[in-house]
Amino acid sequence: MTETTPPRPHRPLTLRDVSEASGVSEMTVSRVLRNRGDVSEATRAKVLEASKQLGYVPNKIAGALASQRVNLVGVVIPSLSNMVFPEVMTGISHVLEKTDLQPVVGVTHYKPEEEERVLYEMLSWRPSGMIIAGLEHSEAARAMLIAAGIPIVEIMDTDGEAIDSVVGISHRRAGIEMARAIAKAGYENIAFIGTKMPRDHRARKRFEGLTDELGKKGIEIAEKEFYSGGSGLAKGRELTEKILKRNPDVDFIYYSNDMIAAGGLMYCKDNGIKVPSQVGLAGFNGIELLDGFSTKLATMDACRHEIGARAAEIIAGACEAGKSATGQRVELSPKIAPGDTLKR
């Protein structure tokens, strides 16, 4: 027996179509599909089955006309190719999937003008809340967020003034903690390699924390290499080679992220450079990619999944309570994982 596709309707399906197919009133169908009111399980199952068979999708815009809000949560991040942000999105999704809210993602590529465009488009749909990476925004972007009248959660970074709520870590503190660990291990000629610089404000803050703390210990940064493009193993190899050939006395390299740090580790292994006795290495983010290396790279977990989940909880809670702002501040505490490359 061959299954046939039902004929395409000449008009959009309505609650009445589901009502007729399930044999219950339109009001009951509405209650079931909005998960509101007291409806028996048998009736609920009948309505949902009819809706599924018809291919009915509720018209959220119609409901939004009355509330001036749609059940969307805008999520603005700088990159999807960076392994950090998919895990943040997973944390957000795990929380919001238990609610009526649905995340919608916009990507800025670390460009302020692109952030303005993405925010303008997202806010024009009147979402129920916004989650946005970072605390640094253009005046126009900041004005749009302030005027939106919805709960806003800035994520990843707590070093600065938040518009409403903030969930993240102190990147300056992360740089300070790494500096202390490097100095304690006895390294003296330290280099820093960063990508997406200077637009990656969080990497910049880690570098500032590193240099300030090392300076207190009488240690100056011996070398630094900033690259405005993206991260990758090949770029990590290239920049590591550049640093070590320019200054063979460098005995430790701190990278702005794990991906380029992993490339640096590969370069050292391929060229007979002993890690960590000759050159120590450390990255940042604690990505799962590192688990596949026989030599465990030193890193620091950025609490990505938890940041996403906590941000989504704030938005969901504010929407449930009918609040336009919450002013919450959640600062998480990442810890250094020394691995095999941060000890002599």
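In this briefing, Ala, Val, Leu, Ile, Met, Phe, Trp, Tyr, Cys and Pro count as nonpolar, Asp, Glu, Lys and Arg as charged, and the others, Gly among them, as polar. The structure is a predicted model.

- At least two lining residues come from each of the helices α5 (84-96) and α9 (201-216).

**Packing of helices α6 and α7**
- Helix α6 (residues 112-123) packs with helix α7 (residues 139-147) at an angle of about 20°, and their axes are 9 Å apart.
- Because angles under 35 degrees count as roughly parallel, α6 and α7 are roughly parallel to each other.
- The crossing of α6 past α7 is left-handed.
- On the α6 side, the contact is made by Glu 115, Glu 116, Leu 119, Tyr 120 and Leu 123, while α7 contributes Ala 140, Ala 141, Met 144 and Leu 145.
- These contact residues comprise seven nonpolar, no polar and two charged.

**Backbone features**
- A cis peptide bond, with omega near 15°, runs from Val 275 to Pro 276.
- Pro 276 is located in the loop between α11 (258-270) and β9 (280-282).
- Met 156, in strand β4 (residues 152-157), has a positive phi of about 85° although it is not a glycine.

Methods
Residues are numbered from 1 along each chain as its sequence is written. This is a predicted model: local features need pLDDT of at least 70, side-chain atom pairs count only at pLDDT 80 or more; totals for chains, interfaces and linings use all residues. Side-chain values use heavy atoms; hydrogens and water are left out. Helices (H or I, at least four residues) and strands (E, at least two) are DSSP runs, numbered from the N terminus. Axes are lines fitted to C-alpha atoms, for helices over the stretch in contact, and angles run from 0 to 180 degrees between N-to-C directions. Angles under 35 degrees count as roughly parallel, over 145 as roughly antiparallel, 65 to 115 as roughly perpendicular and the rest as oblique. A crossing is left-handed if the near helix is turned anticlockwise from the far one by less than a right angle, and right-handed if clockwise. Contact means heavy atoms within 4.5 Å.
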